[in-house]
Amino acid sequence: MAEAPAYPSVEGCRVRALSEADKPALQAAFDLDHRYFNEINGRFIPLDEICTHLPPGNAPDDKFLFAVEQGSEVAGMIDLIRNCPEHATWHLGFLYVIERFRGGLGRKVLRSLYPWLRSQGAVALRLGVVEPNAPARHL
């Protein structure tokens with residue numbers, strides 16, 4: 001049996017573990033993206049909060065943080081939590097695409113997660129969309 005891939009495969013992008021070196025570029029994008037964070041999300045969410053938040057009952061090794069690169073630039077990030085709220089169910093805590101890379105990349109990333117999650121033993125993916133984020137409803 002083939003070994004499960006370490007990262008999701010997104011056409012035209014490279015997905016890898018989020019590193020400390022990625023955080024300044026992502027935080028700068030967060031700081032400039034007032035519409036997403038204020039109008040859509042209702043509040044600013046610090047990158048460190050996303051990187052460290054875990055639901056009760058989940059351990060740090062249940063959290064998967066990925067950077068999505070397009071060319072040589074970080075284009076976004078993925079936050080997944082394994083076994084949340086139950087075994088074999090994963091929760092997509094945050095999928096963020098930097099504004100200048102939007103226009104289909106979010107959909108492409110989300111769809112790439114399905115085969116990867118199956119390879120990790122997932123049987124279900126949970127995600128929520130905040131009410132004002134109409135574009136995310138069409139992913």
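Leaving aside its neighbours within four places in sequence, lysine 23 is in contact with Leu47, Asp48 and Cys51, where contact means heavy atoms within 4.5 Å. Lysine 23 belongs to helix α1, which covers residues 23-32. Helices here are DSSP runs of H or I with at least four residues, strands are runs of E with at least two, and both are numbered from the N terminus. Is lysine 23 buried or exposed? Lysine 23 counts as buried because its relative accessible area is 17%. The scale behind that word calls a residue buried under 20% relative accessible area, exposed over 50% and partly exposed in between, using a 1.4 Å probe and protein chains only.

Before going on, please keep in mind that this is a predicted model, in which local features need pLDDT of at least 70 and side-chain atom pairs count only at pLDDT 80 or more, while totals for chains, interfaces and linings use all residues. Residues are numbered from 1 along each chain as its sequence is written, and side-chain values use heavy atoms, with hydrogens and water left out.

**Cysteines**

Cysteine 51, one of the contacts of lysine 23, is buried, with a relative accessible area of 11%. Cysteine 13 is buried because its relative accessibility is 17%. How many disulfides are there? The count is 0 disulfides, taking a disulfide as a pair of cysteine sulfur atoms within 2.5 Å. In general, a disulfide is a covalent bond between the sulfur atoms of two cysteines.

**The sheet and its helix**

Now look for the open sheet of 5 strands, which has the order β1-β2-β3-β4-β5 and mixed pairing. Two strands pair if DSSP finds at least two bridges between them. At the edges sit β1 (14-17) and β5 (124-127), each pairing on one side only. Neighbouring strands of this sheet are turned by 30° against each other on average, direction ignored. Angles such as this one use axes fitted as lines to C-alpha atoms, for helices over the stretch in contact, and run from 0 to 180 degrees between N-to-C directions.

In general, strands of a sheet pair through backbone hydrogen bonds, either parallel or antiparallel. Which sense do β3 and β4 take? Strand β3 (residues 73-81) and strand β4 (residues 89-97) are antiparallel, with 6 bridges. Isoleucine 81 has histidine 91 in β4 as its bridge partner. Helix α4 (residues 105-119) packs on the sheet and touches β2 (63-70), β3, β4 and β5. The direction of helix α4 makes about 155° with that of β4.

**Aromatic rings**

The structure has 15 aromatic pairs. Rings of Phe, Tyr and Trp (its six-membered ring) pair if their centres lie within 6.5 Å; planes under 30 degrees apart count as stacked, over 60 as edge-to-face and the rest as tilted. Phenylalanine 64 and tryptophan 90 make a tilted pair, 5.0 Å centre to centre with 40° between the planes.

Tryptophan 116 is buried, as is tryptophan 90. Elsewhere in the list of rings, one aromatic cluster is formed by Phe30, Tyr36, Phe37, Phe44, Phe94 and Tyr96.

**Salt bridges**

How many salt bridges does a search of the whole structure find? The search finds 9 salt bridges, each being a side-chain nitrogen of Lys or Arg within 4 Å of a carboxyl oxygen of Asp or Glu. The table shows some of them.

| Pair | N to O distance |
|---|---|
| Arginine 16 and glutamate 69 | 2.8 Å |
| Arginine 43 and glutamate 49 | 2.6 Å |
| Aspartate 62 and arginine 82 | 3.3 Å |

Aspartate 62 lies in the loop between α3 (47-52) and β2 and arginine 82 in the loop between β3 and β4, so this pair ties together parts that are 20 residues apart in sequence. Aspartate 62 is buried at 11% relative accessible area, whereas arginine 82 is partly exposed at 24%.

Arginine 16 in strand β1 and glutamate 69 in strand β2 are 53 residues apart, and both are buried. Arg16 and Glu69 also belong to a network of salt bridges together with Arg14 and Asp22. Arginine 43 is partly exposed, with a relative accessible area of 40%, and glutamate 49 is partly exposed, with 31%.
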